[in-house]
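Please keep the structure open beside them as you read.

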Amino acid sequence: MRKILLLTILSICLFSCDNYEDVYIYDEGQETNWDEAANLATDALIKDFWNEAGYFNYGSNGYDEGFQYWPNAHAMDVLVDAFERTKDSKYSAYFDKWFAGIKVKNGGSYFNEFYDDMEWNGLTFLRLYNATNDEKYLTAAKEVWADIAKGWNEEYAGGGVAWRKSEPYSKNACSNGPASIMAARLYNITKDEAYKEWALKIYEWEKNMLFERGTGAIYDNIDGRTDAINDVNLTYNQGTFVGAAVELYKITGDEAYLNDAQKASNFTISKLIDTSNNILRNEGTGDNALFKGIFIRYFYKLIQEENLNEAYKTKFISFLKNNATSVWTKGCFTEVYLFGPAWNEIPVGESQLTAQASACMLIEARAALAEYLK
């Protein structure tokens, strides 16, 4: 893979690039060892958030030992990233502990009121299976999927997986993008055509109902009682649509999926940004602090696609690099390697698991990118 030549300037460009041929130009500053940065950030995630009961606390340094189901999946994903990057057993040592711990904390099962929460944990189970070949993770993913599939109904909005069990009419991007990814990955592992059909069906529903084809925007949800669409655009919805498109492109070879992923990504990095820094915008604390990292996870999957348009690839790599440089040089509390929801501001006080995991996902992706570009 050839290296991308970046022009060094004194300050970050203060504009957003709508055209895919536009290139983000910025100063990377002092050269960073991204492997070392990823180790420091991910080790801080463990040190400051891990609870010996087998889950990640919601707050750093013990200030909030509360359990939140879906952020735990993303925190464990970071450890899987680190294990895949380093093959160090200090990360895999947490796999079984977490798998058992979250079941206890979730009331003795992996099922949940929210379909998207189950999808996130199911996706993490599949990553654990791929990393270890331990059948218990695949078995749990299949069990969770069987419950998720019940969330599909055509009574409201003509299809789609509901957001939660008590609201079958609320069809959200957050419950359909991850569901399509999970079904596609189950197909890749099992070669069961039923999973492939689910992945295709869910994706097509989301594309037809929540994807703005002219811009690449993903709308947040549709209320099936009224067919009213909430047209809010959030980075994690963009990211999971990109992720589903990449998975289906790999399975089918149909370039329409790759084109969808390119368009949705370009919208995100052009519109959902802090234009003064050309980084993904601060979407808030709590759950919202996780959104950017989720986008980055699937955005990086797209960057690795061999047939990605070269102009898109150049632009996308530049954007990922700029975000990583910003969070590491401006957004990191370097005494303890903790992060907040803004990738250009040091956190004030303790950090939340959502913000820490999100920043770690970015830094792990940057470390992986450095290896990819060698």
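1. Let's start with a term: a nonpolar core is a set of buried Ala, Val, Leu, Ile, Met, Phe, Trp, Tyr and Cys residues joined through side-chain atoms within 4.5 Å, where buried means under 20% relative accessible area with a 1.4 Å probe, protein chains only. The largest nonpolar core here has 121 residues, and Phe56 and Trp145 have the most contacts inside it.

2. A word on the source: this is a predicted model, in which local features need pLDDT of at least 70 and side-chain atom pairs count only at pLDDT 80 or more, while totals for chains, interfaces and linings use all residues. Residues are numbered from 1 along each chain as its sequence is written, and side-chain values use heavy atoms, leaving out hydrogens and water.

3. Now look at Phe56. Leaving aside residues up to four places away in sequence, Phe56 touches Trp50, Met76, Trp98 and Leu353, among others; contact means heavy atoms within 4.5 Å.

4. Next comes an open sheet of 4 strands, in the order β3-β4-β7-β8 with antiparallel pairing. Its edge strands, β3 (162–164) and β8 (228–230), each pair on one side only. Strands are DSSP runs (E, at least two residues) and helices are too (H or I, at least four), numbered from the N terminus; two strands pair if DSSP finds at least two bridges between them.

5. Which residue stands opposite Glu167 in β4? It is Arg164. β3 and β4 form a hairpin with 2 residues between them, and 2 bridges join these antiparallel strands.

6. On to β4 (residues 167–172) and β7 (residues 221–223): 3 bridges join them, and Asn172 stands opposite Asn221 in β7.

Conventions: Buried means under 20% relative accessible area, exposed over 50%, partly exposed in between (1.4 Å probe, protein chains only).
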